[in-house]
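Here is a walk through one model, written for someone who likes to have the viewer open while reading. Bring up the structure and follow along.

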Amino acid sequence: MNGLAVRIIPCLDFKDGRVVKGTRFLNLVDSGDPLERALLYERQGADELAFLDISATLEGRKTMAQEVARIRQVLSIPIMVGGGIGSIEDACRLLEAGADRISVNSAAVRNPLIIDELASRFGVQCVVVAIDVAENSTMPSGYEVKIDAGSRKTGFDAVAWAQEASGRGAGEILLTSIDRDGTSLGYECRLIGLVARAVLVPVVASGGASKPEHFLEGYLSGASALLAAGIFHRGEISIREIKEFLKAHDVEVRL
Amino acid sequence: MSMKERKKLIIIKTGAANLASVEAFAKRLGFEPVVSDMMIDVLEGQVVILPGVGAFGPAMEKLSQDGLDEAICRRVEQGLPTAGICLGMQLFFEASEEAPGSKGLCIFNGTVKRLAGGLPLPQLGWNKIESESSAHLLESGWVYFANSYRVGEVAYTYKTTIKGSKGAPFAQNVFDQVAIASARYGEPFVAALEAWQDAKPTLLLCQFHPELSGSFGTRLFSHWIDLNRIGRNV
């Protein structure tokens, strides 16, 4: 490996000012104030915070930038923000609010040039392409890209799209398995391995982690960072406990 | 927070990029951040940070347009607390592979080069730095990097000569001591540098992002400010 610590990234799904969590992208449950959550996770040893806006309305989107600005004041680890970013202006607004990295999803599938433009404006370290994936045996890799919060098929193969996105300037791929999201079944390791081997940029594994063993599996499959939400929100296990487990298995972590 | 006015910390504006993280960092350190490209601020600001956004060429061009290259050199010569972060560290050297033909501040010798070793660039994430035993400020620990270029070594002897960006040396015998912390990403590189004058670490350069390095970064800069004997409200 490259000597960098594997990153543990708690994700706050954010809807109209509250942290929520669902199962397979549905059935959202309220999990509290984002600022308190963010601080708790930093204290536990989070290496970065992901902030995903799933607000349906324009009003909700505006709240998001305010929340990022509020959290930036107190948080001293990197903040990645995604969800509903459709334009360079959206990205600018969130970066000005204090995001360090921007993740684009559906907008990049609809108009891949937005990746090139974000990379040239803000640098590749700033650009994350989020890919939501579902199993589909008719695809070459066996996985299809879906957009609009998993509601719409694209006909794109997940591995091919990850390659195109990184070629265009994505500094990182955030790979979420819709099939595993909120299920506690563990990361979709085959998918992580396929994508991590196909691109040069780091891959963040997302969807399904509920036990320390899942984080180790995700890392061993090739992920450079491991994202989870529900397991942390519900307080089932702390980030520190996961890191200690990884360290005990000879994985480099920041402790 | 006290009712007393907070001391100002100048963040040099080198381009259009956002500085929200560095501003928030300054506030957490107990300062009122002021983003400025005014020479007077850079010359007289009690603490000045040259931040790490953009590319070497355009950043030097902007500094020189505003006369800030000379202002920074003068600060350093006078022993006023000055810090560079990421690209802001690289600008203190002579040149960079990122911008052939573009001249840096030339406070230290050497050319900034692209990270070699074949690992994916940029280096993005938490890496471990090790401080030299002669370092009194820098500690070993995990810090957050986002860079493709690096300083390979710092060729210094005590009492480094400052040449100044316009060519001829204008200050001599400036630093009593220089110490570094190093890290490895495909190859070893300089992760940070502390330079001392009159028993104070007046210059602090970090290739990593202290503002995103959790309590390590906050502790480092708090210590740096205290060793420079600057009162602040915290």
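This is a predicted model: local features need pLDDT of at least 70, side-chain atom pairs count only at pLDDT 80 or more; totals for chains, interfaces and linings use all residues.

Once the helix is over, you meet Gly79(B), with a positive phi near 75 degrees.

Zooming out, chain B has 6 helices and 12 strands. It runs to 234 residues, and 51% of them are buried. If you take the contacts in chain B with a separation of 6 or more, 66% are between residues 24 or more positions apart.

**Loops and ends of chain B**

Between strand 6 (111-114) and strand 7 (123-131) of chain B sits Pro122(B), and the peptide bond joining Leu121(B) to Pro122(B) is cis, with omega at about 0 degrees. Most peptide bonds, by contrast, are trans.

Another proline, Pro100(B), is in the loop between strand 5 (95-96) and strand 6 of chain B. Is Pro100(B) buried or exposed? Pro100(B) counts as exposed, because it has 10 C-beta neighbours inside 10 Å and the cut-off for exposed is 12 or fewer. Pro100(B) and Gly57(B) are 43 residues apart in sequence, with 8.2 Å between their C-alpha atoms.

Gly231(B) belongs to the segment after helix 6 (214-227) of chain B. With 11 C-beta neighbours inside 10 Å, Gly231(B) is exposed as well. From Gly231(B) to Ala179(B) you count 52 residues along the sequence and 25 Å through space, C-alpha to C-alpha.

**Positive phi values**

Most residues other than glycine have a negative phi. Asp198(B), in the loop between strand 11 (188-197) and strand 12 (200-206) of chain B, has a positive phi of about 45 degrees without being a glycine. Asp250(A), in the segment after helix 10 (239-248) of chain A, is also not a glycine and has a positive phi of about 65 degrees. How many other C-beta atoms lie within 10 Å of Asp250(A)? There are 6, so Asp250(A) is exposed; Asp198(B) has 7 and is exposed too.

Here are the positive phi values with the glycines included:

| Residue | Phi |
|---|---|
| Asp198(B) | about 45 degrees |
| Asp250(A) | about 65 degrees |
| Gly79(B) | near 75 degrees |
| Gly169(A) | about 125 degrees |

**A helix pair in chain A**

Two packed helices are described by the angle between their axes and the distance between the axes. For helix 6 (residues 158-168) and helix 7 (residues 189-198) of chain A, the axes come within 9 Å and cross at roughly 35 degrees. The crossing of helix 6 of chain A past helix 7 of chain A is right-handed. On the helix 6 side the contact uses Ala158(A), Val159(A), Ala162(A) and Gln163(A), while helix 7 of chain A brings Leu191(A), Leu194(A), Val195(A) and Ala198(A). By class, that contact has 7 nonpolar residues, 1 polar and no charged.

Which residues of helix 6 of chain A are buried? They are Ala158(A), Val159(A), Trp161(A), Ala162(A), Ala165(A) and Ser166(A). Looking down the axis of helix 6 of chain A, these fall within an arc of 160 degrees, so they line one face of the helix.

**Core and chain contact**

The largest nonpolar core has 166 residues, and those with the most contacts inside it are Leu49(A), Ile102(A), Val129(A), Ile173(A), Leu175(A), Val195(A) and Leu226(A). Beyond four places away in sequence, Ile102(A) touches residues including Val81(A), Ile85(A), Leu94(A), Leu118(A) and Val128(A).

Where the chains meet, 25 residues of chain A and 23 residues of chain B take part. On the chain A side, helix 2 (58-74) and helix 3 (88-97) each supply at least two residues. Helix 3 of chain A gives the largest share, 3 residues. The side of chain A that touches chain B divides into 10 nonpolar, 7 polar and 8 charged residues.

Conventions. Residues are numbered from 1 along each chain as its sequence is written. Chains are lettered from A and ligands numbered from 1 in the order in which they are written. Helices (H or I, at least four residues) and strands (E, at least two) are DSSP runs, numbered from the N terminus. A residue is buried if 20 or more other C-beta atoms lie within 10 Å of its own, exposed if 12 or fewer, and partly exposed in between; C-beta atoms are placed from the backbone. Two residues are in contact if their C-beta atoms, placed from the backbone, lie within 7 Å. Ala, Val, Leu, Ile, Met, Phe, Trp, Tyr, Cys and Pro count as nonpolar, Asp, Glu, Lys and Arg as charged, and the others, Gly among them, as polar. Axes are lines fitted to C-alpha atoms, for helices over the stretch in contact, and angles run from 0 to 180 degrees between N-to-C directions. A crossing is left-handed if the near helix is turned anticlockwise from the far one by less than a right angle, and right-handed if clockwise. The arc is that of the directions from the helix axis to the C-beta atoms. A nonpolar core is a set of buried Ala, Val, Leu, Ile, Met, Phe, Trp, Tyr and Cys residues joined through C-beta atoms within 7 Å.
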